[in-house]
Amino acid sequence: MAIQTNQHDFPIPLVKERIVRQPRTCNQGDLFQQLLTGKAKIAVVGLGYVGLPLALEFAKSLTVIGFDIKENRVQLMRQGADPSGELPRSAFRNRKISFTSRRQDLAEAKFFIVAVPTPVDDQKRPNLRALINATESVAKVLKKGDYVVFESTVYPGCTEEICLPILEMLSGLKLNEDFKLGYSPERINPGDKKNTLTSITKVVSGSDKEALKLIADVYDLIIEAGVHQATSIKVAEASKIVENTQRDVNIALMNELSIIFAKMGLKTHDVLEAAGTKWNFLNFYPGLVGGHCIGVDPYYLKYKAHKMGITTEVISGARSVNDRMPFLIANRIFQELKKAGVDATNARILVRGITFKEDVQDIRNSKVAEMVKYLMSGGAEVVVEDPLAIPDEVKEVYDVALTETPDGKFDAIILAVCHKDFQEADADYYRALSRSNPLIFDFRKQLTSVPNDFKYVGL
C-alpha cells in the first residue's frame, strides 16, 4: 500500500488506492450470541501490559485469539508467562485462548480489539506506525459483520481519520453498512493490584447505536465496575487523553513548587502534608514523570491542538516543567554534594530504582535513566540497582549497567523508585553504605525515620 507523507505529519494511506473486492461471507446470526457460544472469536491485537490482561480476562468465557508480532513473546505466553512480568502464571490457566504471531490466524475472528503502543518520536510528535500496521493487519482479514475496537491512546479524531480509511481501503467494505467501529480507551495502571482491569469503569463508544450496544455488552461481560457509554468515538478518545494530561499538569505544579520550596529551605512533603488536611486538597506529589502514558499522552493532545491552530500554554508548560526535572534534580544533587565538600568528579552515587514507576519492570521513557545520564556527564561514578528491571534491556536501551548488590561506600544515595523490595531498608542499611554522614535524596519519602546524622533531601 502506498503511503503519503508531508513535512509535519506521520504517514497516512492514500485513499485513491482503495482495493475493491467482494465482501467475504460470514456466519449469520447475532454476533453477541455467537461470541457467547464460541461460534465467533475475539482477537486481541497487541499483547503488552494492556492487551494481554484483556485477552486473558475475555478468555475466561469467550474464545480468544491473542496476536503479537513478536514470536519470542508469543512463545513465553504459550508457556504461561507474562513477558511484562505483571501477571502470575495462574492468570493463564483454564483460558480459551490461542497465542499467535501469524497474521492469517486473525481471519478466524469477528470481533477485533487493537491494543498496541502509541509513543512519540524524537520530535515529541505522535508515532502511529504500530497502530497503522495493526490496523492494516486487521483490514486484510476484515469480513462483513465484523467489529473493530481500538484501545490504543490517541488524540481525538485519530480512529476515524487514520484507522477507518485503512480499514475501508484494504477490506473493500464500508463502515456501518458492512462492519462496525468502536473505541474503548485502556485504563490499566501497571503495578496497581487494587485498581485492576475489571474494577475500573470502562468507557466505550461505537460508530452507531447498534455498534455501541454490542461493544458495551461485550465489555460488560468482564468489567465488574460496569461500562460508560460515551456519546461518540471522539468523546471516548478525548476522555483518555484528558485523564493523563490532567495528572501531568498537577504533577508539574508540584514539581514547580518543589523547586520554589527548595530555595526557601522548605521540605515539599511537609508542606503538602499540612495542605492535605483540607478536605478538597488534591493529593499530588512531585516526581519524575516517565513511562508510556502521562509523559506521552499530552503530546498527542498538543499535536492535535496545533493542527487546529491552538497554542496549548498550560499543557505545553506542564510538559516543559516535567521534562526538565531530571536535569534539575541532578543539578541539585551536585549542589548538595558541593555543600558536603565532595567534588562531583570524585563522587560515588548509588541510585535505587530505574523503572518508570514502582513495582513494575517497565523502563520505557525512564526519567531516572535520564537523571543518571546527567550525573554521569558531570563526572560522578553512578551505581544503579533495580531488582525488577531486566539488566540486558537497561543496558541496551540506556547503556547503563545494573548491579545486583551495591558494594563499597557512597557519597550520596538516591531513593528514586519506591519498590516494595526497597522499603525494608532502614537507616542502618544506608549508614553502612555511606562514606560519612549519609546524604540521602528521597523522591517519595521512603525513609520514614531519619536519624540526626543524616543529610536528608526530599523533592
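**Cavities, pockets and cores in a predicted model**

The largest cavity in this structure has a volume of about 60 Å³, where a cavity is a set of points, on a 1 Å grid over the protein atoms alone, at which a 1.4 Å probe fits but cannot get out. A volume here is the space filled by probe spheres set on the points, with grid points joined across faces, edges and corners. This is a predicted model, in which local features need pLDDT of at least 70 and side-chain atom pairs count only at pLDDT 80 or more, while totals for chains, interfaces and linings use all residues. Residues are numbered from 1 along each chain as its sequence is written, and side-chain values use heavy atoms, with hydrogens and water left out.

**Enclosed cavities**

- By this rule there are two cavities of 30 Å³ or more.
- The lining of the largest cavity, meaning residues with an atom within 4 Å of a point, is made up of Val50, Leu54, Glu151, Glu186, Arg187, Ile188, Leu197, Ile200, Thr201 and Lys202.
- Five residues of that lining are nonpolar, one is polar and four are charged; Ala, Val, Leu, Ile, Met, Phe, Trp, Tyr, Cys and Pro count as nonpolar, Asp, Glu, Lys and Arg as charged, and the others, Gly among them, as polar.
- The second largest cavity holds about 30 Å³ of space, and the residues that line it are Leu415, Phe422, Gln423, Ala425, Tyr430, Gln446 and Leu447.
- In the lining of the second largest cavity there are five nonpolar and two polar residues, but no charged ones.

- The largest pocket contains about 1400 Å³ of space, a pocket being an open set of points with protein on both sides within 12 Å along at least five of seven lines.
- This largest pocket is lined by 49 residues, of which Lys70, Arg73, Pro117, Asp362 and Arg364 are the closest to its centre.
- The elements that give two or more residues to the lining of the largest pocket are α3 (71-78), α4 (129-139) and α9 (297-307), where helices (H or I, at least four residues) are DSSP runs numbered from the N terminus.
- Helix α4 gives the most to this lining, with four residues, and by class the lining of the largest pocket has 21 nonpolar, 14 polar and 14 charged residues.
- The second largest pocket has a volume of about 1200 Å³, and of the 41 residues that line it, the closest to its centre are Asn189, Arg247, Ile294, Lys357 and Glu358.
- Both α7 (233-264) and α11 (367-377) supply at least two residues of the lining of the second largest pocket, with α7 giving the largest share, five residues.

**Arg73, a residue of the largest pocket's lining**

- Arg73 is found in helix α3, and Arg73 counts as buried because its relative accessible area is 17%, buried meaning under 20% (1.4 Å probe, protein chains only).
- Leaving out residues up to four places away in sequence, Arg73 touches Leu47, Gly48, Asp68, Pro83 and Ser84, a contact being heavy atoms within 4.5 Å.

**Nonpolar cores**

- The largest nonpolar core has 42 residues, and those with the most contacts inside it are Phe112, Leu131, Phe150 and Leu167; such a core is a set of buried Ala, Val, Leu, Ile, Met, Phe, Trp, Tyr and Cys residues joined through side-chain atoms within 4.5 Å.
- Helix α5 (residues 158-171) gives the most to this core, with seven residues.
- A second, separate core of 41 residues includes Leu31, Ala59, Val74 and Tyr219.

How values were computed
Buried < 20%, exposed > 50% of the residue type's maximum accessible area, 1.4 Å probe, protein only.
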